[in-house]
Amino acid sequence: MSEASAGDLFARYCLPGSRYKKLLSTSFMRAGRKQALMFGAAMMDDGRQASANELEQLLGGDWREALTACWLIGFAQKSEFRDELHRLIKEGDVRRTGKGVAFALARFCQPSDAYALKQYLERSLSELQDRGNQPWFLGALLHIEKRLGVVASQDLLVSEGLWDRWSAAGFLGTADPSRWEREVADWIDLAESLD
């Protein structure tokens, strides 16, 4: 990716209205329904207009670019990126992009997405000092389970199991898995209201 095209893509997709900051914090969801819909509509439009090459370049960029790409992919339901997102989480290369990956996979909502999320959680929940994307990945997994009527998370959520041990090892706000599923479901509801 040349410097000019990297800068152009960053300016086009990541910077408008401090977009990448809003995606990282998901503050757009707390800004009120009208603002959330406006933000989501802009993401949907950009996701649909972005070429596969542009999204690939963003995914290969820094965390701000990769995070934005994941949300664009999810809003536009560009499932051709499923394998790439699965690869990122299999390799543990989600950096600060976890919310975007969780959103995109929950939006794709297929059994293979649930399996990829579960594999990540099985590995990362055993690392008690690893405090990162686990809540949103669990939320995405639970959302997919609810939508598809499948159960993949039960061994993660058994009493005193991986989730309980991981959530007890550090500050989490709430360890209630349904809270994280609701957060992801709210993201999906926003996107679906714009489809």
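Helices (H or I, at least four residues) and strands (E, at least two) are DSSP runs, numbered here from the N terminus. This is a predicted model, in which local features need pLDDT of at least 70 and side-chain atom pairs count only at pLDDT 80 or more, while totals for chains, interfaces and linings use all residues. Residues are numbered from 1 along each chain as its sequence is written, and side-chain values use heavy atoms, with hydrogens and water left out.

**Whole chain**

Colour by secondary structure. The elements run α-α-α-α-α-α-α-α-α-α-α from the N terminus on. The radius of gyration is 16 Å, close to the 16 Å of the globule rule for 195 residues, so the protein chain is as compact as a globular protein of that length. That radius is taken over C-alpha atoms, and the rule is 2.2 Å times the number of residues to the power 0.38. The C-alpha trace spans about 50 × 35 × 30 Å along its principal axes.

Now show contacts, meaning heavy atoms within 4.5 Å. Of those with a separation of 6 or more, 75% join residues 24 or more positions apart.

**The core**

Buried means under 20% relative accessible area, exposed over 50%, and partly exposed in between (1.4 Å probe, protein chains only). By that cut-off, 50% of the 195 residues are buried.

A nonpolar core is a set of buried Ala, Val, Leu, Ile, Met, Phe, Trp, Tyr and Cys residues joined through side-chain atoms within 4.5 Å. The largest one here has 60 residues. Select W71, L85, I89 and F137, which have the most contacts inside it. Then centre on F137. Leaving out residues up to four places away in sequence, F137 touches I89, V94, G98, V101, A102, L117, Y120 and L121.

**Helix 7**

Select residues 98-108. How many residues of helix 7 are buried? Eleven of its eleven are. Among them are K99 and R107.

Go to F108, which lies in helix 7. F108 has 8% relative accessibility and counts as buried. Beyond its neighbours within four places in sequence, F108 is in contact with I73, Q77, K78, S79, R82, L85 and D113. Step on to C109, which follows helix 7 and has a positive phi, near 55°.

Most residues other than glycine have a negative phi. Select Q77, in the loop between helix 5 (63-76) and helix 6 (82-90). Phi of Q77 is positive, near 50°. Q77 is partly exposed, at 38% relative accessible area.

Next, T26. This residue sits in the loop between helix 2 (19-25) and helix 3 (33-49). Phi of T26 is also positive, near 50°. Is T26 buried or exposed? T26 is buried, with a relative accessible area of 3%.

Finish at S153, in the loop between helix 9 (134-148) and helix 10 (162-168). S153 is buried, at 4% relative accessible area. Not counting residues up to four places away in sequence, S153 touches L141, L142 and E145.
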